[in-house]
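I opened a new notebook page for this structure.

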Amino acid sequence: MNLGLESLTRSIRRLWSARRISILLTIVALVLSSYSMTQAEFKIGFFGLIHGFPVTFFVALGILTIASAILWLSRENHGKLLFLQLCLLIVSIWLAPIIVGGAHAFTPSVYGDLGFVEYITREGHLEQQILWQHNWPAAWISWAAAIQVLGSNVDELASLIPWIPFVWQLLLFFPVFMFFRNTIGRWQANYCWAAMWLFYLGYWFETQDTGAQAFGVFCVFSILALLTMIPAWNQRTGEFGRRFSAIIIFAVLTITHLLGSLVGLAITAALYVRRGVRSYNLVIIAAVFIAAWSSYGAWSFFEWRLPVFVEQGLRLDVATQRGILNPLFGNESHVAVSIVRLILSGLFAAIALLGALLARKLKSNTYADVTVLAIAVGCGIAAIIVGAGYEHELYQRFFVFLLPAMAYFGVKLLNVRATTVILCIFLLIALPLTFVSRYGNQTIDYLTPGYLAGAYFFRDNTTNGYVTGDIPIGQMKYTERYQFGVSFEDLEWEDDKLLPAGGDFDLTPHYICISNHDYELYNFYYNEPQFISDVESSLNAAINCNLVFANPDLRLYLNEKQK
């Protein structure tokens, strides 16, 4: 009797093993998400793009999360299935805008970045005096080189803009997963996949596009992977190879992204103090790279920007005002999305803190715990030093750099049953919050076909001038020939005339672009829905402003100047 019962129990366990349950839930999630995507539509609501997706889409992601979580706790290695589930998560989040015809964050700025690449393909060199972005040229040179090698052009690069964030996330997988394998350990392989799940759910602030910050983030994460690596053989050749690779990445990072290079230096110094980096030579080399490039390669930038860094450095109060408090102004939608981002970021920080406290209590992997804590401290020190010198995005940028460390400590919650439940509940809550945080600003991130038609008209029919209007007008081609210092607020009127930008004797053409995007921008950020309408009324009444292009989404005016 007892033998028969035990045999039946073993049969049930084999039939309903963790792997089989996970596979079944994954299939259900895949079918449900596929159906949901066919029902999704492009719709911008109070919380952005999320209003165009049915509830079943997020139910499917929740089921997928549970399917993956079941395997995290398994003693068997389920790498292939966990990789598949993670890929489904990445596809669902990063391809969502493409599915419904929306846009990723900062899309207008990405189109504006095309001008920095276009200049190199046209002139064959950098222009660091006028285009300060060229002081960190690695990204722009890379895109320009790819265009030349492939026999392509900037327009074809523009057609890839919706796909670039997704491709970057696939590339980030390699250094980030290597970092988790180095710190969490191969003997806890399933936990590495849990950390990846946390990492991708926390990546709500978009940095991975055509800009320098995308290459900078990738290089910093690659340095993390290298410096936490323990050579498989205890030989000098292995350590030499690791250091040499790190030096190469530091050299690339130095000419790629200022903030990334500072973070990389701070992390390396922190690991040296922790003895994760055995020699201080790597710290010195990284510091010399940054100092040399700042003094020679990027001096045209620091010549005018260094006083700002000196004045604003260490000013976390100003950074807090700009990066956390200022976003809480604007219309109700903007405020609500900003609050969701703060809640999500706070929850991630709380999960990481709880995991760190649990790790201190359990002391299961003290060496790795202290190493990752040193990395987090290094990032924190860099943030304090930079202060308000990085304008309004200090906290968002450092949140991204801290994500691997936060995910590492978050996974520690899987070591206790009660905290495992807390972690799973958090992940389910984070799914819609991440979506809102990523795509909540859709009203200003999305550029209509009509707007892009107007932007290309401007690019193809003008060569220089003053430009009043939001990015990317004037920045897609010949960007070095345009001046962008005249905002809508700076326009000056005298009776029914627009006063010339640059003074009475400056005959440089002045273009004023009014678009639906500008209406949304001033309404969303500043809660001034009437401002752009008043400006457009003044332009229509001005006797020295001609309408040179118009469609339902964009109007382009030219201020006629008298010789």
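My entries below go through a helix, a surface patch, the salt bridges and the aromatic rings.

**Entry 1: the model.** I noted first that this is a predicted model.

**Entry 2: helix H10.** I looked up helix H10, residues 189-202. How far apart are its end C-alpha atoms? They are 20 Å apart. At 1.5 Å a residue, its 14 residues should span 20 Å, so the two values agree. Then I checked burial. I found 14 of the 14 residues of H10 buried, so the rest of the structure largely encloses this helix.

**Entry 3: a nonpolar patch.** I turned to the surface. Leu314, Leu373, Val377, Ile381, Ile384 and Ile385 form a nonpolar patch there. Together they have about 560 Å² of accessible area. Ile385 lies in helix H18, residues 366-386. Is Ile385 buried or exposed? Its relative accessibility is 55%, so I put it down as exposed; the cut-off for that class is over 50%.

**Entry 4: salt bridges.** I searched the whole structure and found eleven salt bridges. I followed up some of them.

Glu118 and Arg122 meet through their side chains, at 2.6 Å from N to O. Both lie in helix H6, residues 107-123. They are four residues apart, about one turn of the helix. Glu118 has 8% relative accessibility, so I marked it as buried. Arg122 has 26%, so I marked it as partly exposed.

Next I read Glu480 and Arg481. Their salt bridge has its closest N and O atoms 3.6 Å apart. Arg481 is partly exposed at 38% relative accessibility. Glu480 is buried at 15%. Which residues do shared partners join into one network? I listed Glu118, Arg122, Glu123, Glu480 and Arg481.

Glu393 counts as buried, with 15% relative accessibility. Arg397 is buried too, at 13%. Buried here means under 20%.

**Entry 5: aromatic pairs.** My count of aromatic pairs came to 48. Phe46 and Phe47 make one of them. Their ring centres are 5.1 Å apart, with 85° between the planes, and the pair is edge-to-face. Phe46 is partly exposed at 37% relative accessibility. Phe47 is partly exposed as well, at 28%.

Then I read Phe53 and Phe435. What is the geometry of this pair? The centres are 5.1 Å apart and the planes stand at 75°, so the pair is edge-to-face. The cut-off for that label is over 60 degrees. Where do the two residues lie? Phe53 is in the loop between helix H2 (18-39) and helix H3 (55-72), and Phe435 is in helix H20, residues 417-439. The pair therefore ties together parts that are 382 residues apart in sequence. Phe53 and Phe435 are both buried.

**Entry 6: a cluster and a charge.** I listed one aromatic cluster: Phe106, Trp204, Phe205, Phe348, Phe399 and Phe426. Last, I looked at Arg305. Its charged end sits over the ring of Phe309, 5.3 Å from the ring centre.

Notes:
Residues are numbered from 1 along each chain as its sequence is written. This is a predicted model: local features need pLDDT of at least 70, side-chain atom pairs count only at pLDDT 80 or more; totals for chains, interfaces and linings use all residues. Side-chain values use heavy atoms; hydrogens and water are left out. The expected span of a helix is 1.5 Å times one less than its number of residues. Buried means under 20% relative accessible area, exposed over 50%, partly exposed in between (1.4 Å probe, protein chains only). Patches are made of residues with over 30% relative accessible area and no salt bridge: like charges are joined within 9 Å, nonpolar side chains (Val, Leu, Ile, Met, Phe, Trp, Tyr) within 5 Å. Accessible areas come from the Shrake-Rupley method with a 1.4 Å probe; for residues, only the protein chains shown count as cover. A salt bridge is a side-chain nitrogen of Lys or Arg within 4 Å of a carboxyl oxygen of Asp or Glu. Rings of Phe, Tyr and Trp (its six-membered ring) pair if their centres lie within 6.5 Å; planes under 30 degrees apart count as stacked, over 60 as edge-to-face and the rest as tilted. A charge sits over a ring if NZ of Lys or CZ of Arg is within 6 Å of the ring centre and within 35 degrees of the ring normal.
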